[in-house]
Amino acid sequence: MLDQSRPSAAPTYHAAFDARNDLAIHTHNARLLFALEIRFGIDDIHSAAINSLTDGPDDKKCDLIHIDREQGFAVIAQAHERKKGRAAGSANKASDLNTAISWALGEELDTLPKQIKEAARELRDAINDQSITRLHVWFVHGAAESSNVRDELRAVERNLKRLIRDHNWAKLETEVTEVGSKTLEEWYSALTSTIQVGDKFEVKVPGGYVIKDADNEWEAAVTSVPLSWIREVFRRHRSKLFSANIRGYLGVRDTDENINNGIKSTAVRDPSKFWAYNNGLTALVHRFEFDPDSPSKLLVLHGLSVVNGAQTTGAIGNIPDDISPDAMVSIRFVRTTDTSIVHNIIRYNNSQNRVNASDFRSNDKIQRRLRDQFKSLDPDIVYPGGRRGGESDAMARSKKDYLIPSDSAAQALAAFHQEPGLAYLQKGQIWEDNETYHRFFNDKTTASHIVFVFSLLRAVEKAKSELRERAHRNEMTEINERAYNFFLGRGATYLLIAAIGKCLETFAKKRIPETFRVSFGNARYQSAVSFWNPIVEISLAGCGVLQPAVDARLKDSAVKDALGKFQQLIEMTKQANISIYNEFTRKIKID
């Protein structure tokens, strides 16, 4: 039994969004990017913007195609800022999403305009190989949600289902969403409130017990609940049910290795054994009422957030068939008001699960050392070192102009040290696999070297952004056009970083036996970016020899061949750029 009696949360996202001066450069896409950041916990929204924004003069009504193979989702979105005085989002603009998804998913790739062609190619490839199992289609605006927009989005849903049938993408889960003020408030409140679902729940259980600590700082009801109840709760509250969880439901892939598919299979085919096969769930509650000795065996809960078991909950929630009453799952409902205990419950209950891969490297000795080094190197730099932010980061990001997100630092290190394919396609492996992790985060890795490679990433992204603006203004030269087309290829950013890293000795005019020892010394982050700008400009002039590796989706053999040719080109042209290299040499330090 579910009792929905909780009033809606007070709006909070407006202040956070208004404070994000760093997003202003993205003009009408700023709110879209903010929505993407808070919905999926993206730490480096600026890199996401550079790689995912597709809007332009011939964008076919598609402002963004964001692809996250690691987490198995993608987003196609259109953004629209309402005119002053308009209370609701524009239904006409919402209908443009039909155009966006038709071009992104339906048209022949060779007919697509260049700014969305490669994004559409990668999206389709990821869906076909089931790296992407969930597709979100968004219409983002700052107004109130409306019935007119909902009606238009139903037409979008029908078109999307037709496209999925045409491509035989039966396993792809989809969600079409009007992202207006109410939705944004809900997503933002998930960052600020540990338990977002505040309803009262009643469920009959077979028995159990209550346990608490001596100081009454926490107590828990330990019992089992029917899977049918789990499904009912999930279907009503969906992602809000995981507000305290550092990851949400990841979806189901129909492969032998996939845990979520196994959960569904066991629940349907062998329900009486589900309790024995499953590790169980942990959930936070505001409070509970439970007397294990009472004949009714009724458990009453106030508030609910699943901390451990999001995949079990989501998998059960998506079972279309009737669930046997024999199917049960063990669960702990924990009550505490101590914030530090809540954080540790969340942390330790997820320590053995696949979350954002960097989450549980945060306490190893290398990341602790690097965080300490950053404090001494530049107090303006925020380096989480695997730690994750939340509401405080979303609010304060405009003040953290020099945030170096963990994943972006890892990707910059991997690309610079000659593994651009890993950086772009398998960033999670950098954190998950011990051997891979220690190739880039080891005793030689320093804060100053991370600034060195990360500032190169930002310099390359800056060059890409400037080329996009020139394209929008129709101010392209032939060289600009070639560089712009290069950057339209997915992964080109990391390939260019690898190419620059390959030619470091030429740029620096000296032998460098250990590249991890190279840095800009104690230079401030902002200065470090400026040091790279002329090197990036020179390198872009030779991007033509790198294009085949981008076209080959960064396959190792193509990358090796392209980097070798690029190195030869830079070596042949070094005399023409010797004054720039002389200046760059003066900036470099080798420890």
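The model is a predicted one, and what follows is read from its atoms.

Several strands pair with β11. Strand β6 (residues 197-204) runs antiparallel to β11, and six bridges join the two. Within that pairing, lysine 204 has leucine 298 of β11 as its bridge partner. Strand β10 (residues 287-290) is likewise antiparallel to β11, this time through four bridges, and here phenylalanine 288 stands opposite leucine 301 of β11. Then there is β9 (residues 281-285), which pairs with β11 in the antiparallel sense over three bridges. Alanine 283 finds its bridge partner in valine 306 of β11. As for what holds such pairs together, strands of a sheet pair through backbone hydrogen bonds, in either a parallel or an antiparallel sense.

Another part of the chain holds an open sheet of four strands, ordered β2-β3-β4-β5, and its pairing is mixed. The edges belong to β2 (64-68) and β5 (173-179), each of which pairs on one side only. From one strand to the next, the twist averages 15°. Inside this sheet, β4 (residues 134-140) and β5 run parallel, joined by seven bridges; valine 137 has valine 176 of β5 as its bridge partner.

Turning to helix packing, α8 (residues 227-237) meets α11 (residues 310-317) at an angle of about 90°, and their axes are 8 Å apart. That angle makes α8 roughly perpendicular to α11. On the α8 side, the contact is made by Leu227, Ile230, Arg231, Phe234 and Arg235, while α11 brings in Thr313, Gly314, Ile316 and Gly317. Sorted by type, the residues of this α8 contact with α11 come out as four nonpolar, three polar and two charged.

Helix α21 (residues 492-502) is another mostly covered element, with ten of its eleven residues buried. The buried set is Ala492, Thr493, Tyr494, Leu495, Leu496, Ile497, Ala498, Ala499, Ile500 and Gly501.

What about the cysteines? A disulfide is a covalent bond between the sulfur atoms of two cysteines. A search of the whole structure turns up zero disulfides. Cysteine 62 has a relative accessible area of 1%, and because the cut-off for buried is under 20%, cysteine 62 counts as buried. Cysteine 543 is buried too, with 1% relative accessibility.

Zooming out, the protein chain has 26 helices and 16 strands. Of its 591 residues, 56% are buried. Contacts reach across the sequence as well: among those between residues at least 6 apart in sequence, 75% join residues at least 24 apart.

Methods: Residues numbered from 1 in each chain as written. Predicted model: local features only at pLDDT ≥ 70, side-chain atom pairs only at ≥ 80, totals over all residues. Heavy atoms only, no water. Axes fitted to C-alpha atoms, helices over the stretch in contact; angles between N-to-C directions. Parallel < 35°, antiparallel > 145°, perpendicular 65-115°, else oblique. Contact = heavy atoms within 4.5 Å. Nonpolar A, V, L, I, M, F, W, Y, C, P; charged D, E, K, R; others polar. Pairing = 2+ DSSP bridges. Buried < 20%, exposed > 50% of the residue type's maximum accessible area, 1.4 Å probe, protein only. Disulfide = S-S within 2.5 Å.
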